[in-house]
Amino acid sequence: MSFRAGHVALIGRPNVGKSSLLNAFVGAHLGAVSPKPHTTQKLLLGVRTFENAQIAFVDTPGLQKRRPNAVHKSMDRAFDRGLSSVDLVVLVVEAGAFNPGDRAALERAKHTERPIALVINKVDLVKNKSELLPYIDKLSREHAFAAILLVSARKENGTEEAVKRLAELLPSQEPLYPADTLTDRSERFLAAELIREQLMRQLGDEVPYACAVEIEAFTVEGALRRIHATIWVERDGQKAIVIGEGGQQLKFIGSKAREAMEALFDGRVHLELWVKVRADWSDNERALKQLGFE
């Protein structure tokens, strides 16, 4: 049996579960996940290697129509880069739904002239499973998908079968990465994403989108990682919200982020967080580059 390998882009509208799928497919919590849309802002590669195949998944920001500031424009560019050089595109949709945002993502995928597989996520939320058959039939008329797969990323139901089926759609070639590769991103990058994940989870609807995370120092001392990070916000009022009364909110965010880092890095983490104001960083191209958006 020949070895199969390739890059696979995970695309779709916001909140369909692309990052949850990435994590389930590779077996590690790499991508930030929260109930809020646009949790993913940057491309993230996750690699899964089998005996006869290797898949390099590219998690992309959710496709969005509004482009009000530099952050959203950067996310759109990341989406296009994620599609630019892959062997297979996976359109992720939420079971029972197919709205204009889903169709827009499909149209963008068609322009790549790459095969497109459809992954229907969150099937566990469909109470009447008989409704899935006409839904699948409807979607199959939207495009000649290379495969249609049903999964629940949250419960990791069907994800192993799905990743093996996707591997069968890749070209025959040698592995693209060493067998023990999990991602091409540094631990600094992953640490920043895990902090931002907690900002998205623990704060209200508006403040997390005004937050960016910069790792100021990252040192490894044996099994201990010492991480100093700055959370940038745009207003003094936002800073007060992130810190919370008596610093309790920031302490909780740091504690949850540290727990996630220790699980991912398999070692102890000493995390220190500061909150600073940088007015309108989200609409400043230079600031975005300094914060690793490009």
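Reply: A salt bridge is a side-chain nitrogen of Lys or Arg within 4 Å of a carboxyl oxygen of Asp or Glu. The model is predicted, so local features need pLDDT of at least 70 and side-chain atom pairs count only at pLDDT 80 or more, whereas totals for chains, interfaces and linings use all residues. Residues are numbered from 1 along each chain as its sequence is written, and side-chain values use heavy atoms, with hydrogens and water left out.

Me: How many salt bridges does the structure hold?

Reply: Side chains of opposite charge can pair when their charged atoms come close. The structure holds 17 salt bridges. One of them joins Arg196 and Glu193, with 3.2 Å from N to O.

Me: How are Arg196 and Glu193 placed in helix H6?

Reply: An α-helix has 3.6 residues a turn, so residues three or four places apart point the same way. Arg196 and Glu193 are 3 residues apart in helix H6, and therefore about one helical turn separates them. Helices (H or I, at least four residues) and strands (E, at least two) are DSSP runs, numbered from the N terminus. A second pair is Glu262 and Arg258, whose closest N and O atoms are 3.4 Å apart. These two residues both lie in helix H8 (residues 248–265), 4 residues apart, about one turn of the helix. Salt bridges that share partners also join Arg13, Glu94, Asp102 and Lys122 into one network.

Me: Are Arg196 and Glu193 buried or exposed?

Reply: Buried means under 20% relative accessible area, exposed means over 50%, and partly exposed lies in between (1.4 Å probe, protein chains only). Both Arg196 and Glu193 are buried. Glu262, by contrast, is partly exposed at 24%, and Arg258 is partly exposed at 27%.

Me: Which parts of the chain does the salt bridge of Asp124 with Arg154 link?

Reply: Asp124 forms a salt bridge with Arg154, the closest N and O atoms being 2.7 Å apart. The pair links distant parts of the chain: Asp124 is in the loop between S5 and H4, and Arg154 is in the loop between S6 and helix H5 (159–167), 30 residues apart. Asp124 is partly exposed, with a relative accessible area of 22%, while Arg154 is exposed at 62%.

Me: With which side chain does Ser152 make a polar contact?

Reply: A polar contact is a pair of N or O atoms within 3.5 Å; within protein, one must be able to donate a hydrogen and the other to accept it, and residues adjacent in sequence count only if both atoms are side-chain atoms. The side chain of Ser152 makes such a contact with the side chain of Asp124, at 2.8 Å. A polar atom of the Ser152 side chain also lies 3.3 Å from the backbone nitrogen of Lys155. Ser152 is in the loop between S6 and H5, and it is buried at 1% relative accessibility.

Me: What is the nearest side chain of opposite charge to Glu234?

Reply: For such a search, Lys and Arg count as positive and Asp and Glu as negative; His and the chain ends are not counted. The nearest to Glu234 is Arg235, 4.8 Å away. Glu234 is buried yet has no salt bridge. A polar contact of 2.7 Å does join the side chains of Glu234 and Ser282. Glu234 lies in the loop between strand S8 (224–233) and helix H7 (236–243).

Me: Which residues of helix H4 are buried?

Reply: In helix H4 (residues 132–140), the buried residues are Leu132, Tyr135, Ile136 and Leu139. They cover an arc of only 100° around the axis, which puts them on the same side of H4. The arc is that of the directions from the helix axis to the C-beta atoms. On the other side of H4, Leu133 and Pro134 are exposed.

Me: Which residues touch the most other members of the largest nonpolar core?

Reply: In soluble globular proteins, nonpolar side chains tend to be buried together. A nonpolar core is a set of buried Ala, Val, Leu, Ile, Met, Phe, Trp, Tyr and Cys residues joined through side-chain atoms within 4.5 Å. The largest has 55 residues, of which Phe57, Ile195, Ile231, Val242 and Met261 touch the most other members. Helix H6 (residues 187–202) gives the most to this core, with 7 residues. Apart from it lies another core of 24 residues, among them Val93, Ala105, Ile116 and Ile136.
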